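Dear colleague,

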Amino acid sequence: MTEPLLLHDLNQGELIALMSSWDEPRFRADQLWRWMYRSYAADFEAMANLPLGLRTRLASEATVAPLFPKAEQVSVTGDTRKVLFGLRDGTTIESVLMQYHSRQTACISTQAGCGMGCTFCATGQGGLVRNLSAGEIVGQVLYFAREVRLSAIERAKAESRQADIPVHPVTHVVLMGMGEPLANYEATWKAIETLTHAEGYSLGARRITVSTVGLVPGIQRLVEDSLPVNLAVSLHAPSDELRSQLVPINQRYPLSDLMAAVQRYCDVTRRRVTFEYALIAGLNDAPREAQDLARLLKGVLCHVNLIPLNPTPGSHLRPSPRSKVLALRDLLASAG
């Protein structure tokens, strides 16, 4: 049995071509596109302005349900939600929605699992299952957008007022979930193009951040591509010796190559890069590492995000104590 076509895998031109091959007029593709990316429709029955015959065929041959929630965890304060999604083939991924005042950020996955093998990362230790398709990447954002919009409507009903529906229920997207986005470049970029499409979800490219462990060819492609997305680099160490222990891909793309690619990204895009630095007790959190890090990043348009390690079961690695986190922060701040 042929698996239904996931419509979110199609860009607008491909959707127009599909409708044409079904002898449907161009405007049907436009209607479908708006239902998917403006109304976040989860099924074809909701698409009321499509004729019954088209909805019936769509339900038979296609789908707008790339994933479904299997489990959810909510923070004590209620502003962070982590969802375990099931995909159509039984694969699972995790995504997070972080809600802070007017900012609603979706942290999404680009792969099921990860093949980068970073020693402190549970996903990396589990290995790569498969790449996600563009529609599976986009589907995570649309799920959270639908949930944020429904929550706004429910709150308004409870308070007997008209709902204030935001234009972008999810205001920012960070590709920092499971997987290495630049190792799944084609699907990742197609998803970004869909999310930023002016007639679709229409999210500004500057509100999207792509994170990488340092795949230099992928960073070079980001520089050449047309959308000014933000770049975040998982650095975690200021020397090749230590970084190769933590991030094995550093053996292929050492710091000299990585920093040259980052500098070119800054020069061409004029965008500030974020360097993510997971603080691991007794391993990369001494004043010497902070000084080496300051020297490595001197003159680079950047921000350093210090992150106490999130310990994983079975690992001996532990997060740095808060006193060391603050000490390193102060050393980096004093170095500019």
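**Salt bridges and overall form**

Glu72 and Arg81 form a salt bridge, with their closest N and O atoms 3.0 Å apart, the term meaning a side-chain nitrogen of Lys or Arg within 4 Å of a carboxyl oxygen of Asp or Glu. This is a predicted model, in which local features need pLDDT of at least 70 and side-chain atom pairs count only at pLDDT 80 or more, while totals for chains, interfaces and linings use all residues. Residues are numbered from 1 along each chain as its sequence is written, and side-chain values use heavy atoms, leaving out hydrogens and water.

Arg81 counts as buried at 12% relative accessibility, whereas Glu72, at 39%, counts as partly exposed; buried means under 20% relative accessible area, exposed over 50%, and partly exposed in between, with a 1.4 Å probe and protein chains only.

A network of salt bridges links Arg288, Glu289, Asp292 and Arg295. Within it, Arg288 pairs with Glu289 at 3.1 Å between the closest N and O atoms; Arg288 is exposed at 52%, and Glu289 is buried at 7%. Arg295 and Asp292 meet at 2.3 Å, N to O, and because they are three residues apart in helix 10 (residues 287-296), about one helical turn separates them.

Over the whole structure, the search finds 16 salt bridges. Of the 336 residues, 49% count as buried, and the C-alpha atoms fill a box of roughly 70 × 45 × 40 Å along the principal axes.

Conventions:
Helices (H or I, at least four residues) and strands (E, at least two) are DSSP runs, numbered from the N terminus.
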